[in-house]
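I opened the notebook to look up a few things in this structure and to write each one down with care. The entries follow the order in which I looked.

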Amino acid sequence: MHHLATGKWLLPGGHLEPEDNTHLQAAGRKLTEETGIPTHVLTPHGETPLQHRRPPH
């Protein structure tokens, strides 16, 4: 994505939300939020459950 304020091309990104059970879920959510690309058009290569999460503040 082209970031207008910095003039740089950046990858979609963000942080994990409590409802994200895997990194793939979080990545799909952020991709849809930031680009509008729906997750059903993606072909994932694998999925690893999140086992170590930070406790909420």
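I began with W9 and looked up its contacts (heavy atoms within 4.5 Å): leaving aside residues up to four places away in sequence, W9 touches M1 and H2. W9 lies in strand β2, where strands (E, at least two residues) and helices (H or I, at least four) are DSSP runs numbered from the N terminus. I also noted that W9 counts as exposed because its relative accessibility is 67%, given that exposed means over 50% relative accessible area, buried under 20%, and partly exposed in between, with a 1.4 Å probe and protein chains only.

Before going on, I noted that this is a predicted model, in which local features need pLDDT of at least 70 and side-chain atom pairs count only at pLDDT 80 or more, while totals for chains, interfaces and linings use all residues. Residues are numbered from 1 along each chain as its sequence is written, and side-chain values use heavy atoms, with hydrogens and water left out.

I then looked up the confidence, using pLDDT (the predictor's confidence in each residue, from 0 to 100). The protein averages a pLDDT of 83, and 81% of the residues score at least 70. In strand β1 (residues 2–3) the confidence is lowest, at a mean of 84, whereas in strand β2 (residues 8–9) it is highest, at 92.

Next came the overall layout. I found 1 helix and 2 strands in the protein, and from the N terminus on these elements run β-β-α. Of the 57 residues, 14% count as buried. The accessible surface, taken from the Shrake-Rupley method with a 1.4 Å probe and, for residues, with only the protein chains shown counting as cover, comes to about 5000 Å², and 59% of this belongs to carbon and sulfur atoms. Among contacts between residues at least 6 apart in sequence, 33% join residues at least 24 apart.

I turned to helix α1, which has 13 residues and reaches 18 Å from its first C-alpha to its last, close to the 18 Å expected at 1.5 Å a residue; the expected span is 1.5 Å times one less than the number of residues. The buried residues of α1 are A26, G28, R29, K30 and L31. A27 is also found in helix α1, but A27 is partly exposed, with a relative accessible area of 46%. I also looked up A27 against P12: the two are 15 residues apart in sequence and 8.3 Å apart in space, C-alpha to C-alpha. After α1 comes G36, whose phi is positive, near 85 degrees.

How many salt bridges does the structure hold? I counted 4, a salt bridge being a side-chain nitrogen of Lys or Arg within 4 Å of a carboxyl oxygen of Asp or Glu. Side chains of opposite charge can pair when their charged atoms come close.

R29 forms a salt bridge with D20, with the closest N and O atoms 2.8 Å apart, and both R29 and D20 are buried. For R29, the relative accessibility behind that label is 17%. R29 also meets E33 in a salt bridge, at 3.2 Å from N to O. Because R29 and E33 are 4 residues apart in helix α1 (residues 23–35), they are separated by about one helical turn.

I then followed K30, which lies in helix α1 and forms a salt bridge with E34, at 3.4 Å from N to O. These two are likewise separated by about one helical turn, because K30 and E34 are 4 residues apart in α1. K30 is buried, with a relative accessible area of 15%, whereas E34 counts as partly exposed at 29%. Not counting residues up to four places away in sequence, K30 touches P12, G13 and G14. I wrote down, too, that D20, R29, K30, E33 and E34 are linked in a network of salt bridges.

My last entry concerns the surface, where I37, V41 and L42 form a nonpolar patch with about 230 Å² of accessible area together. Patches are made of residues with over 30% relative accessible area and no salt bridge, like charges being joined within 9 Å and nonpolar side chains (Val, Leu, Ile, Met, Phe, Trp, Tyr) within 5 Å. I37 is found in the segment after α1, and I37 counts as partly exposed, at 34% relative accessibility.
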